[in-house]
Amino acid sequence: TVAAAVFVVVVGVGVGVGVSVVGCIIVVGQDSANFPSIVFSFCELFLLCFVSIHFSYPPFSFSLISFLPGWRRSTQHPLCLVDVKLDLVVCFLTVLAFVTRLWRLEEPSKVVFDEVHFGKFVSFYMRRMFFLDVHPPLGKLLISAVAYMCNFDGHFLFNEIGQDLSSEQVPYTYLRLLPAVFGALIVPLVYQVSVEFGLSHGTAAIAAFLVLFDNSLVTQSRFILLDTMLMAFSLAGILAYLKMVNCKSGAYSRVWCRWLLACGIFLGCALSTKSSGIFSIMFVGLLMIVELWKLLSNQDVPLKMVAYHTAARFQAVCTL
């Protein structure tokens, strides 16, 4: 029931916040320099409490239309009907993902790791200079669009690791913002992909929790790099394909076709960001082969229909 679900959420949040506050009060006086890492650790404990309590209950969601009874019209005016459902677990994980990726994004104010390459490519784009890179251009063009909106003229070339960025008037925080946003979106995408694969909501929440606090993914999300874009586009393509497979309205319906087109577009974006996106296309291709093999083994499905399914997938995914 709704009352039980609300009680579970309140208890989970209360226990997690209480333990976090008490722990921070105890240890922050002993070592104030490690305060961010302390808060980070207790956020993990808080999420563990929440997920463990959520494990025993179905996913809690609410419909916005129930709070807006005046907006509900008769079936003769379907355009006036507003029905929005929110999964509170996904919302909670998404908010935490943005907090962990965007917290003090301006630090360090120096060139880090492969920013020496991708930051330089952005500067080349701003200068209208030709260059050669092993990766496709989409990710670098997206970051360059942010640089263009920030009026960055490409005067700083990111020549070596450790160069000071704050003294050169480089909008590096905004350049790091786009990879950080993509990195935050990975968390709810992992949750949704896990659910579409048939896992329980509790298991999906644990999978998203592991991605949320993975040190390598957090680090990759906070610099001018392309990896988070690649992962987000790949997960979005896989999710779109799974949504298509699990579509309740049937094959060749509007919803089915939209998910298939979205799958091709997202996988195309992944391949256009880094060459390693080809492995995501291969993975989806393997899922397609398995699905088509099941259709082929079904004697109730004519071979002509199997050919139509094969052509639709090839046209949407491979062509796009």
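The patch is formed by L271, I278, F279 and M282, which together have about 380 Å² of accessible area. Such areas come from the Shrake-Rupley method with a 1.4 Å probe, and for residues only the protein chains shown count as cover. A patch consists of residues with over 30% relative accessible area and no salt bridge, nonpolar side chains (Val, Leu, Ile, Met, Phe, Trp, Tyr) being joined within 5 Å and like charges within 9 Å. I278 lies in helix α11 and counts as partly exposed because its relative accessibility is 34%; buried means under 20% relative accessible area, exposed over 50%, and partly exposed in between (1.4 Å probe, protein chains only).

The model is predicted, so that local features need pLDDT of at least 70 and side-chain atom pairs count only at pLDDT 80 or more, while totals for chains, interfaces and linings use all residues. Residues are numbered from 1 along each chain as its sequence is written, and side-chain values use heavy atoms, with hydrogens and water left out.

The protein chain comprises 12 helices and 2 strands, in the order α-α-β-β-α-α-α-α-α-α-α-α-α-α along the sequence. Of its 320 residues, 41% count as buried. The chain exposes about 17700 Å², of which carbon and sulfur atoms supply 68%. Among contacts (heavy atoms within 4.5 Å) with a separation of 6 or more, 73% join residues 24 or more positions apart.

In soluble globular proteins, nonpolar side chains tend to be buried together. In this model the largest nonpolar core has 68 residues, and those with the most contacts inside it are I143, F158 and Y191. A core of this kind is a set of buried Ala, Val, Leu, Ile, Met, Phe, Trp, Tyr and Cys residues joined through side-chain atoms within 4.5 Å. When residues up to four places away in sequence are not counted, Y191 touches D87, V89, V90, L93, H201, A204, A205 and A208.

The whole structure contains 8 aromatic pairs. In one of them, the ring centres of F118 and F121 are 6.1 Å apart and the planes stand at 75°, so the pair is edge-to-face. Rings of Phe, Tyr and Trp (its six-membered ring) pair if their centres lie within 6.5 Å, and planes under 30 degrees apart count as stacked, over 60 as edge-to-face and the rest as tilted. Both phenylalanines, F118 and F121, belong to helix α4 (residues 115-126), where they are 3 residues apart, about one turn of the helix; both are buried. Ring pairs link F118, F121, F124, Y125 and F131 into a cluster. Y125 is also in contact with P137, as is S272, with neighbours of P137 within four places in sequence left aside. P137 lies in the loop between α4 and α5, and its C-alpha is 9.9 Å from that of L271, 134 residues away in sequence.

A total of 6 salt bridges was found, each defined by a side-chain nitrogen of Lys or Arg within 4 Å of a carboxyl oxygen of Asp or Glu. One of them joins R176 and E115 (2.9 Å, N to O). This pair links distant parts of the chain, R176 being in helix α6 and E115 in helix α4, 61 residues apart. R176 counts as buried because its relative accessibility is 0%, and E115 is likewise buried, with a relative accessible area of 0%. In another, the closest N and O atoms of K274 and D227 are 3.2 Å apart. K274 lies in the loop between α10 (254-273) and α11 and D227 in helix α9 (residues 227-245), so the pair ties together parts that are 47 residues apart in sequence. The side chains of R104 and E107 also meet in a salt bridge (2.8 Å, N to O).

Most residues other than glycine have a negative phi, and most peptide bonds are trans. The peptide bond from E107 to P108, however, is cis, with omega near -5°, and P108 lies in the loop between α3 (88-102) and α4. R128, in the loop between α4 and α5, has a positive phi near 60°. N151, in the loop between α5 and α6 (172-196), has a positive phi of about 60° and is exposed, with a relative accessible area of 69%.

Technical notes. Helices (H or I, at least four residues) and strands (E, at least two) are DSSP runs, numbered from the N terminus.
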